[in-house]
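Please have a look at it first, and then I will go through it chain by chain.

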Amino acid sequence: MVERALELSRADDCVVIVDEGSTANLRFAGNTLTTNGVARSAQLTVISIVGAGVGVVSRASVRPEQLPEVVAAADAAARDAQPAEDARPLVEGVGSSVNWTEPVLPTSIGVFGDFAPALGETFTAAEAGGRKLYGFAEHTLTSTFVGSSRGLRLRHDQPTGRLELNAKSADLKRSAWTGVATRDFSDVDVAALDSSLAQRLEWAKNRIDLPAGRYETLLPPSAVADLMIYMMWSSGARDALDGRSVFSKPGGGTRVGERLSELPVTLSSDPSAAGIECAPFVTAHASSRRSSVFDNGLPLAATDWVKDGTLAALLQTRHSAELSGLPVTPSIDNLIMRGGEGGRSLEEMIAATERGLLLTCLWYIREVDPQTLLLTGLTRDGVYLVEHGEVIGEVNNFRFNESPVDLLGRLSEVGASRQTLPREWNDYFTRTIMPPVRVPDFNMSTVSQAN
Amino acid sequence: MRQIDPDFLALPLRQLADAALQRARDLGASHADFRLERVRAESLALYDARLEGAADADDLGYAVRVIKNGTWGFAAGLVLTPEAAAEVAAQAVKVAEVSAPINREPIELAPEPVHGEVTWVSAYEIDPFTVPQKEKVALLADWSAGLLKGADHVSARLLQVKEQKFYADTAGTVTTQQRVRIHPELNAMKAASAGFDDMSTIAPPVGRGYEYLTDGTYDWQGELARLPELLAEKLAAPSVEAGDYDLVIDPSNLWLTIHESIGHATELDRALGYEAAYAGTSFATFEQLGTLVYGSPVMNVTGDRTVEHGLSTIGYDDEGVATREFDIVKDGILVGYQLDRRMALMQGLGSSNGCAFADSPGHMPIQRMANVSLKPAPGGPSTEALIGDVERGLYIVGDKSWSIDMQRYNFQFTGQRAFRIENGALAGQVRDFAYQATTTDFWGSMEAVGGPETYVLGGAFNCGKGQPGQVAPVSHGCPSALFRGVRILNTVQEGGK
């Protein structure tokens, strides 16, 4: 399909992207299955370039006889287009993927061959233990092919799996959540996950009401991931240069080089990071403020966004990098945060807490003020009070108002990093390695009655 | 009268459906439905009056949903041949068989009359996909250039969707439908010594065609002309003093509060726990139907998938159910939920009110939102009259930031702008404001709703729900309304500054 489309194009240059996807999922609630399914998808994107004009046409399920019409539409759009501001020569000389011509192997409901029976047994155990289980298991496999008239022939096969497991007491008053990211479900121990949730529901039997206020708070890796992902999404260099983001320098320019944390915090991405491997090249279906179709195929390498507490890079296209005078650092589909050597586990951090809150996860996170990247959102599925190194009970939920950028400057401890599943953003972003952190004064703005 | 596009009708709709439904029957399915869907979506983005990105996408595929041994099975396919459709039906049955051992609640559906072969097309004049991209870009660039005279940067975007659906089930209902929706939005940003701020147009997304930008239905020129001045005033405005205020909330802001605190809270699947692990449940639990005091006696809310130009409006839902209007809150009391066929039967509610929806051929229908709207008061006051009843308060216009907890109690919203009200009159803008409340307290504090002349149908293209995630378009109509004693936060102070 890619080769044929490139042949058909009459534009000056052309990039063709094919995304072949397959997915299988199981959804459950109240210890029973609710919905499930399998699906395939196939998307063709033709990016035609005439002079500096770009035309992008994307179609699903394109049959061979429809291909000339799709390519012609993209060529025509490129001829009609205004010059694109981000126009650059297409990427060349990066070699070809060795598996370019190999067939795509879709996922299927069979990926749950061992997991589904284990889940059924866990339903039985939960029922016997007075718990109700809710959640979602999904496996997707996406094969992305990027070809260009400049010889690009790149392919990436990305498996993505996730399990979210939520246990509630029979009266639905107590709730606990956990989630894992996986490549193929072979490493998911659902019974062990259920056990950990059962322990949290036990903690929640002692209910403690606390008012709004600023509390010393332990954020687990999942909550840290949700905050850091939002910060990364907000770190476009172009927005910073235009003076419209938290990373804008007053008076012009960006805050790259500015210290954000006194602790040796590093926030990075690496396509080859073990367990969270992702595409090693840029795939851009359309240009935006944080991506450029002209950068398709650009190799991605390990990138530090924050290094030893200092802002080291922002999301850059080649175009924005020229404007900012900084290196080209495009977006990468994983995120890693570390706090230096010798971080403690979350359990060790709990044991070292005199009085503080232990969160499970965050929810409904939205930006309130882009100037400070003030975010609001809520705690969910378990806020626990820790006293003298032990969890003594469950606290009501809270709405928070906090900025992740500001938080970096207020962290008093960064624990040992591990792979985790973000709670809110796992529809879009699953590949993270994050630490638990301690914040001395997390702003719990108001009490939420939700449980 | 508008017709369904011939190229959609030329697809082998019946052949595929017949092959799929027959295979499902042959394999023992007690129910099967087939849905072929084509979703065309075009988005244009301009920055500082120059085209930044354009995407023209067309998603075409079909899905077979079956009930076998009391368990759902769902599969989606792409190849438009009867043989492939039959194979997808077999996959759906296989999914049901694999899943049956872990299903503990047999699936049954509420009865629905067989509607035979019916068609439905939404109300629009100009299919936006017939307008050359160049023409649309030129219009947006012209509008952007005007705004740039008073702003540092201007973003413009135009989203357009045409959705075509063919549905057939083993009972004999066959529906063919087509609808169009459009959302233009412009945002102006400006920096000042106090920092930067931005302001967006408040024109709502609508179930109309391209004529929405050109025929005077909406006063684009008036809104665009006022925006730079309003933005400049906001940048120079004082920071709000946190505390309790009386609020007059404009429909351009209130629609989103309705969406989050009423629309989602009265979805029966949430109330029953089916969204518990994801978007959450609802404080409006089923046993409170008919008794829960949701708000003040002036609160009357309906669900309606039939209102003209509504984003959720359609003739038949994705389970072949004829859509209709229904009561949700009457005189402040919870009296109804949004339903699909399964949940209507489970809870003994008779029939579905037509709220099943899937956003693509690759997704299974779930219960989604009708156009949930707050009714105006017949002969009720104007917005000016509502403001006139406030000694110290705020008039809030346009939506911006939003967040609500997973049982739909605690929410926090900001807006495009807020004007101080002093002794019944507007007294300039304030900035850094957010209002925060508990749903029932907030609606209980609603003292008055405006008259029909204040009523506006707002909404969004992209309401998210479900796993795998789906987005749905939905409108919410409301009048201006007056609320007493609502908590206002200063967002700068919230950030610890």
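Before anything else, a definition: a residue is called buried when its relative accessible area is under 20%, exposed when that area is over 50%, and partly exposed in between, with a 1.4 Å probe and protein chains only. As for conventions, this is a predicted model, in which local features need pLDDT of at least 70 and side-chain atom pairs count only at pLDDT 80 or more, while totals for chains, interfaces and linings use all residues. Residues are numbered from 1 along each chain as its sequence is written, chains are lettered from A and ligands numbered from 1 in the order in which they are written, and side-chain values use heavy atoms, with hydrogens and water left out.

Let me begin with chain A. Its secondary structure amounts to 9 helices and 20 strands, where helices (H or I, at least four residues) and strands (E, at least two) are DSSP runs numbered from the N terminus. Chain A has a radius of gyration of 24 Å, close to the 22 Å that the globule rule gives for 451 residues, so chain A is as compact as a globular protein of that length; the radius is taken over C-alpha atoms, and the rule is 2.2 Å times the number of residues to the power 0.38.

How much of chain A counts as buried? The figure is 63% of its 451 residues. If we take the contacts in chain A with a separation of 6 or more, 74% of them are between residues 24 or more positions apart, a contact being heavy atoms within 4.5 Å. Chain A exposes about 15900 Å², and carbon and sulfur atoms supply 50% of that area, which was computed by the Shrake-Rupley method with a 1.4 Å probe, counting for residues only the protein chains shown as cover.

On charge, chain A carries 42 positive and 56 negative side chains, with the centres of the two sets 3 Å apart. Here Lys and Arg count as positive and Asp and Glu as negative, while His and the chain ends are not counted, and the place of a charge is NZ of Lys, CZ of Arg, CG of Asp or CD of Glu.

From the UniProt record, an unreviewed entry, comes the feature "domain: Metalloprotease TldD/E C-terminal" at residues 213–445 of chain A. UniProt positions are given in the numbering used here, feature names are shortened, and annotations may be inferred rather than shown by experiment. That span of chain A is 16% helix and 34% strand, and its end C-alpha atoms lie 6 Å apart.

A:Asp381 lies in strand β14, residues 374–387, and is buried, with a relative accessible area of 3%.

Turning to chain B, we find 11 helices and 22 strands. A compact globule of 497 residues would have a radius of gyration near 23 Å, and the 24 Å of chain B agrees with that. Buried residues make up 65% of chain B, and its C-alpha trace spans about 70 × 55 × 45 Å along the principal axes.

The unreviewed UniProt entry for chain B places "domain: Metalloprotease TldD/E N-terminal" at residues 32–96, a span that is 23% helix and 65% strand. The record also gives "domain: Metalloprotease TldD/E C-terminal" at residues 243–488 of chain B, where the chain is 14% helix and 39% strand.

Finally, some individual residues of chain B. A cis peptide bond joins B:Gln467 and B:Pro468, with omega about 0°, and B:Pro468 is found in the loop between β20 (456–465) and β21 (470–478).
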